Amino acid sequence: MQVKITVNGQPREDAVEPRMLLVHYLRDVAGLTGTHVGCETTLCGACTILMNGQAVKSCTMLAVQADGAKLTTIEGLAKNGQLHPLQEGFWEKHGLQCGFCTPGMIMAAVDLLSRNKNPSDEEIRHALEGNLCRCTGYQHIVEAVQYAAHKMR
Amino acid sequence: MAALPKFIGQPIRRREDPRLITGEGTYVDDVKLAGMLHAALMRSPYAHAKISSVDLSAARKHPGVICALSGEDLAGRLPSLPCVAPAQNVPEHPALARGKVRYVGDAVAIVVATDPYTARDAIDLITADFDPLPAVVDAEKALQPGAPLIHENFGTNLAAKAEMTPPGFDKAMSEADKTLKFRLVNQRLTPTMMEPRGVVAHWEHGYKQLTLWSSTQIPHLLRSQLADMLKLGENKIRVIAPEVGGGFGAKLNVYAEEALLGYLAMELDRPIKWIETRRENMAATTHGRGHVTYVEVGFKNDGAITAIKAKFFCDMGAYLQLLTPAIPSFTALMVPGCYRVGALAFEQNLIFTNKMATDAYRGAGRPEACYLIERTMDMVAAELGMDPVQVRRKNFIPKDAFPFTTAAGLQYDSGDYEGALNKALAMVGYDKLRTEQAAARQQGRYLGIGVSTYVEICGIGPSALLPPKLKGGGWESATVRVEPDSKVTVLTGVSPHGQGQETSFAQIAADALGIDIDDINVLHGDTAIVQYGIGTFGSRATALGGTALVMALGKVQEKMKTIASRLMEVPPQQLIFTNRTIALASDPSKSIPLQKVVEAAYGYKQPIPGVEPGLDASAFFEPSGCTFPFGTHIAVVEVDPQTGAVKFLRYVAVDDCGKIINPLLVDGQLQGGIAQGLGQALYEETVYDENGQLVTASLMDYAIPKAQMVPAIEMANTVTPTNLNPLGVKGVGEAGTIGSTPCVANAVMDALKPFGIRHIDMPLKPEKIWRAIQEAKQAKKG
């Protein structure tokens with residue numbers, strides 16, 4: 001099937017199998033491997049991207065469901081070589097270790113900060129409950145999101 | 001140029017991060033090669049069954065399928081998977097099952113196809129007939145007469161048995177005023193690293209060289225084992241561990257898929273990729289823990305422990321993976337904890353069950369020991385009506401007693417257990433908390449305060465402590481190469497996968513050479529680039545790999561000083577490295593730029609007579625002993641008696657990992673470790689049903705902690721250096737996990753004290769707690 005999808009501002013047109021998962025479209029067709037597959041069941045959040053500005057888990061969506069959509073992946077977050085405040089926060093606050101959950105975690109946090117500019121620590125923890133991290137214990141992730149929230153206000 | 005700061009001890013943000021926060025890191029699944037094929041595995045749906053037939057014909061005919069193989073097809077072509085640790089009964093472990101399947105997830109067949117979707121379609125076309133056999137799920141029952149045998153040739157389900165009762169043990173036990181006996185379950189856990197395993201194998205026919213990307217913690221050790229299995233020279237296998245998305249011990253192994261892909265890439269002469277699904281990861285990547293322990297403790301009325309006897313039933317699973325039978329030995333060795341236990345006796349039964357193999361999982365034997373001894377301390381305190389802190393103080397090894405040989409025969413390097421305890425008690429306001437707890441109990445609120453004073457063992461060495469079949473000892477390696485432009489390349493034999501040694505090792509090298517951290521590039525995880533190394537596990541990387549780096553730096557420094565002394569006409573021993581120069585220690589204004597020395601070393605004009613050109617050095621550090629980090633964790637929880645839910649009110653962690661290279665990384669290791677440890681205490685449990693079906697086969701069913709399930713941790717350190725390495729570092733990768741589990745369990749039990757509840761086995765789920773409360777209430781009424 002033919003799909004028209006804008007990925008990180010670049011319009012694309014591709015022929016895809018109807019059953020192709022959106023995350024595989026991003027990784028294997030668009031060549032953007034920053035979005036990771038951790039569980040294929042929507043449970044870990046490593047594949048989180050933004051679809052029309054909202055966080056979605058790309059491992060349980062079909063590429064054809066994104067036809068006509070605007071997608072942002074981790075690769076599209078920095079603008080003109082300038083890191084997004086959340087990327088900066090994760091770096092400054094040691095919000096990542098192995099880095100596998102990080103792209104999804106950052107995209108979920110982008111969604112949170114677009115809805116809530118001044119989240120409490122509890123609100124951050126709650127907003128990220130669909131994104132699992134096995135390395136950090138989340139404390140530095142919470143600090144990273146607070147860093148970004150502060151910077152973006 | 002501005003003066004350079006000292007980097008060691010600073011919270012430097014990680015040099016790994018820019019690529020990882022922008023999605024530019026390369027994990028195994030990101031490796032793409034021209035003409036690459038994709039593999040998928042058919043796995044056993046039964047825990048224990050005879051394989052009657054595996055019909056691959058439909059799969060082989062499916063368009064896009066290149067090959068499909070069963071265990072019988074591989075017979076005689078691929079040797080048994082390695083278990084390098086000694087055990088009386090080491091079973092044959094074929095990469096694809098032959099004759100019988102022995103756990104749910106046991107690989108039965110492999111399909112290689114042009115794309116991953118096709119490979120998985122073809123798996124569904126395989127018709128396999130199984131004759132189910134009764135499964136052995138419970139390790140204790142596996143030893144009962146008449147239990148089904150998992151490996152018939154052994155005539156038993158016992159893999160190995162170890163016993164130690166030292167002379168004088170019975171006397172020590174008889175000197176006790178009181179004894180207690182109890183049973184502890186240290187439940188089986190699923191490591192659940194966020195990146196499942198994955199392999200890409202590429203055979204370059206013309207070069208007769210195999211390159212294998214694997215999500216592994218041990219690229220060199222893996223290479224050695226694969227060379228054996230595939231009958232290739234070690235110089236003809238290149239193992240690359242690219243970005244590795246967490247391991248926690250479960251990637252310290254040699255797996256069927258690594259051997260299968262290497263073998264098939266050579267057979268088919270095509271690159272092949274296999275990426276584990278999460279379901280496979282839960283079922284067929286090693287698990288951890290899985291001990292049932294019967295403890296007998298003897299103690300005086302003042303709380304002094306005279307003797308401990310522990311009888312272990314350790315669940316090995318169906319096969320022995322790389323180090324499976326070695327893990328429980330760390331438990332036995334660490335039972336005394338940080339205490340002067342009078343005498344220790346133990347018996348360990350290592351038992352086959354129809355489950356995935358257990359092996360190293362964060363802590364690897366030490367969390368089981370720490371849980372045992374720290375629960376014991378609280379049991380003794382409860383029995384004597386003493387404060388748990390007082391019982392610990394009574395038994396502590398005093399700080400002036402180091403080096404100290406424990407009842408288990410280990411020599412602890414250094415420690416100040418009372419120092420860490422006092423700091424944690426002050427931070428949490430212990431006495432005030434006890435008052436608040438008493439007041440809360442009056443109001444029907446169930447606050448619990450849990451303490452654990454842990455010690456653990458890191459940087460396992462010397463080499464004699466490791467099994468020879470591992471083909472690598474307790475040492476670690478480093479190479480330092482000062483390039484012609486004065487930039488420095490560090491090659492380390494450790495294989496970091498989140499721990500941050502690209503940063504901390506750059507800090508060490510920058511300080512030694514007086515250069516900027518940005519002028520250092522730390523490389524690892526590629527056996528074609530890096531000299532032989534052992535890898536990252538057992539909290540060994542900095543204590544051993546960091547020391548090897550210091551040694552290699554020392555050799556380079558010596559050579560640079562020799563050259564500088566010739567150029568400056570001063571004795572080399574008066575020279576120091578500072579601010580990109582080599583300078584006179586007594587007068588740093590008298591100096592020569594580092595670059596001038598490098599140019600001389602590389603013979604830009606002409607080499608210094610008598611000095612060999614070039615500027616690099618390698619070093620291998622063999623430790624004389626292990627390091628023993630320690631600390632005190634205190635959890636404050638509230639249990640809701642209506643629901644059994646546990647809520648964290650405080651969590652204080654005071655950890656002592658010796659000297660600290662980068663406090664940001666140390667905090668990160670501890671916080672992550674604590675989250676994993678409290679996961680075991682409250683949430684996590686690998687569950688197989690009575691037929692051996694894996695119930696916790698998805699992240700929906702296996703509860704790793706989410707963000708709102710982990711409290712904010714109040715952290716501090718004490719610093720008691722080790723003298724076993726020049727950096728004074730001990731290790732910190734597993735400390736949080738080891739200290740936190742008993743701390744949280746003790747807190748919950750403390751909260752439940754008014755009900756007369758002494759012990760509930762982990763995980764302390766609301767339902768279990770609620771039931772225990774109901775039973776306790778009934779018992780009181782009855």
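Helices (H or I, at least four residues) and strands (E, at least two) were taken as DSSP runs, numbered from the N terminus. On this basis chain B contains 20 helices and 28 strands. The structure is a predicted model, in which local features need pLDDT of at least 70 and side-chain atom pairs count only at pLDDT 80 or more, whereas totals for chains, interfaces and linings use all residues. Residues are numbered from 1 along each chain as its sequence is written, chains are lettered from A and ligands numbered from 1 in the order in which they are written, and side-chain values use heavy atoms, with hydrogens and water left out.

The C-alpha trace of chain B spans about 95 × 75 × 50 Å along its principal axes. The radius of gyration, taken over C-alpha atoms, was compared with a globule rule of 2.2 Å times the number of residues to the power 0.38. Chain B has 28 Å, in agreement with the value near 28 Å for a compact globule of 782 residues. Buried denotes under 20% relative accessible area, exposed over 50%, and partly exposed in between (1.4 Å probe, protein chains only); 65% of the 782 residues of chain B count as buried. With contact defined as heavy atoms within 4.5 Å, residues 24 or more positions apart account for 80% of the chain B contacts with a separation of 6 or more.

B:Tyr417 lies in helix H13 (residues 417–428) and counts as buried because its relative accessibility is 3%. Leaving aside neighbours within four places in sequence, the contacts of B:Tyr417 are B:Cys338, B:Phe396, B:Ile397, B:Phe402, B:Tyr412, B:Val455, B:Phe630 and B:Thr632. The C-alpha atom of B:Tyr417 is also 6.7 Å from that of B:Gly631, 214 residues apart along the chain. B:Ser504, in helix H15 (residues 501–513), is buried at 5% relative accessibility. Not counting residues up to four places away in sequence, B:Ser504 touches B:Ile661 and B:Leu665.

In chain A, helix H5 (residues 139–152) has 14 residues and reaches 20 Å from its first C-alpha to its last, close to the 20 Å expected at 1.5 Å a residue, the expected span being 1.5 Å times one less than the number of residues. Its buried residues are A:Gln139, A:His140, A:Ile141, A:Val142, A:Ala144, A:Val145, A:Ala148 and A:Ala149. These buried residues of H5(A) pack against helices H2 (85–92), H3 (102–115) and H4 (121–127) of chain A, together with helix H18 (663–682) of chain B.
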